[in-house]
Amino acid sequence: MQNDNFIITAVSQKGNLIGYFTSVRNCAEQVQFAHKMNAISTMVFARALSAAVLLSGNLKNPDDRLAMTWDCTGPVKKLCIETDGCGNIRGFIDNTQLKCIERSVQNGQFSTEPYIGFGELTVSRETGNSAPYQSIVVIETGEIAQDLSLFLEQSLQIQSAVNIGLSVDKNNKIICAGGLMLMGLPGVTEQEINDMYNEFRKITNLTDILCKDEQAVLEMFNSLNMDIVGNRSIRFHCKCSEEKVKNILKSLKPENLQEFLSEDNCYETSCRYCGAQYKITKEELNG
């Protein structure tokens, strides 16, 4: 696709369903490079990134924020994605060098369950003047698309269908990454939900659509009887800065601050979200 960083919003012609479609290839590639991820960690992270962007589809204001955090029993350990109403995204995965688990690939399909396992999925949200919202649900399947759908049902009582597509070549290059989510709006009937699932199942290979052009996306929404009503760009952008790092270091107790002191008498640390390295002298910290 010409623009590989976007999220599209579509509404059904009856006004009973809303859909989000995202492509995150470039963003996933940038995070992959920043954290030096291997192929397996890249595939897990890119799926989580797609899920978080889909869930952030209805953020309307620049200051709106959403974060998804997986605290896992599996070798991933922890995975976090943050996004905001301007389309800025950032994130990290604790284990950037996941080892391949044989049962994670069956019939050519990649499964995240062996790497995530169980644990808790936390969704935090700040919207406008509303009080910050946080919901914690049990990770039931370890499959990112399924657990996102279960979160919507259990925490928000929203019926949904979620699919995430991804292709990575033998050189660990991301060919495409993204997803599609359909959700029932207030007043939707049970029959309309069943119709949504039936139409959703007809989209047999989302990865193929992601690897094509914008026309393929338009045809997909036409087949779902949905009209595109919005298109927002997204980008990999971290909010860290030297000033913020200094403030964090200044807030530490002397014994904890000492842990960041290097051999050349400078404080060294890095951003967990983007990998940026910071080296601050004692004079700079106390100045």
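This is a predicted model: local features need pLDDT of at least 70, side-chain atom pairs count only at pLDDT 80 or more; totals for chains, interfaces and linings use all residues.

Reader: What makes S14 and S15 a pair of strands?

Author: Strands are DSSP runs of E with at least two residues, helices are runs of H or I with at least four, and both are numbered from the N terminus. Two strands pair if DSSP finds at least two bridges between them. S14 and S15 are joined by five bridges and run antiparallel, so they meet that definition. Glu268 stands opposite Lys279 in S15. The hairpin of S14 and S15 has six residues between the strands, and Gly275 takes a positive phi near 80 degrees there.

Reader: Why is the pair of Phe92 and Tyr273 called edge-to-face?

Author: Rings of Phe, Tyr and Trp (its six-membered ring) pair if their centres lie within 6.5 Å; planes under 30 degrees apart count as stacked, over 60 as edge-to-face and the rest as tilted. The ring centres of Phe92 and Tyr273 are 5.2 Å apart and their planes stand at 80 degrees, so the pair is edge-to-face. Phe92 lies in strand S5 (residues 88-93) and Tyr273 in the loop between strand S14 (266-270) and strand S15 (277-281), so the pair ties together parts 181 residues apart in sequence.

Reader: How do you know that Arg90 lies over the face of Tyr273?

Author: A charge sits over a ring if NZ of Lys or CZ of Arg is within 6 Å of the ring centre and within 35 degrees of the ring normal. Arg90 lies over the face of Tyr273 at 3.8 Å from the ring centre.

Reader: Why is the pair of Phe6 and Phe21 called tilted?

Author: By the ring rule there are three aromatic pairs. In the pair of Phe6 and Phe21, the centres are 6.2 Å apart and the planes are at 35 degrees, so the pair is tilted. Phe6 belongs to strand S1 (residues 5-12) and Phe21 to strand S2 (residues 17-24), so the pair ties together parts 15 residues apart in sequence.

Reader: Are Phe6 and Ile7 buried or exposed?

Author: Buried means under 20% relative accessible area, exposed over 50%, and partly exposed in between (1.4 Å probe, protein chains only). Phe6 has a relative accessible area of 2% and is therefore buried. Ile7, found in strand S1, also counts as buried, at 2% relative accessibility. Contact means heavy atoms within 4.5 Å; beyond residues up to four places away in sequence, Ile7 touches several residues, including Phe21, Val53 and Ile234.

Reader: Why do strands S9 and S13 count as edges of their sheet?

Author: The open sheet has six strands in the order S9-S8-S3-S4-S5-S13, with mixed pairing. Strand S9 (133-138) and strand S13 (235-236) each have a single partner strand, so one side of each is left without a neighbour in the sheet.

Reader: What makes the protein as compact as a globular protein of its length?

Author: The radius of gyration is taken over C-alpha atoms, and the globule rule is 2.2 Å times the number of residues to the power 0.38. The protein comes to 10 helices and 15 strands. Its radius of gyration is 20 Å, close to the 19 Å that the rule gives for 287 residues, so the protein is as compact as a globular protein of that length.

How values were computed
Residues are numbered from 1 along each chain as its sequence is written. Side-chain values use heavy atoms; hydrogens and water are left out.
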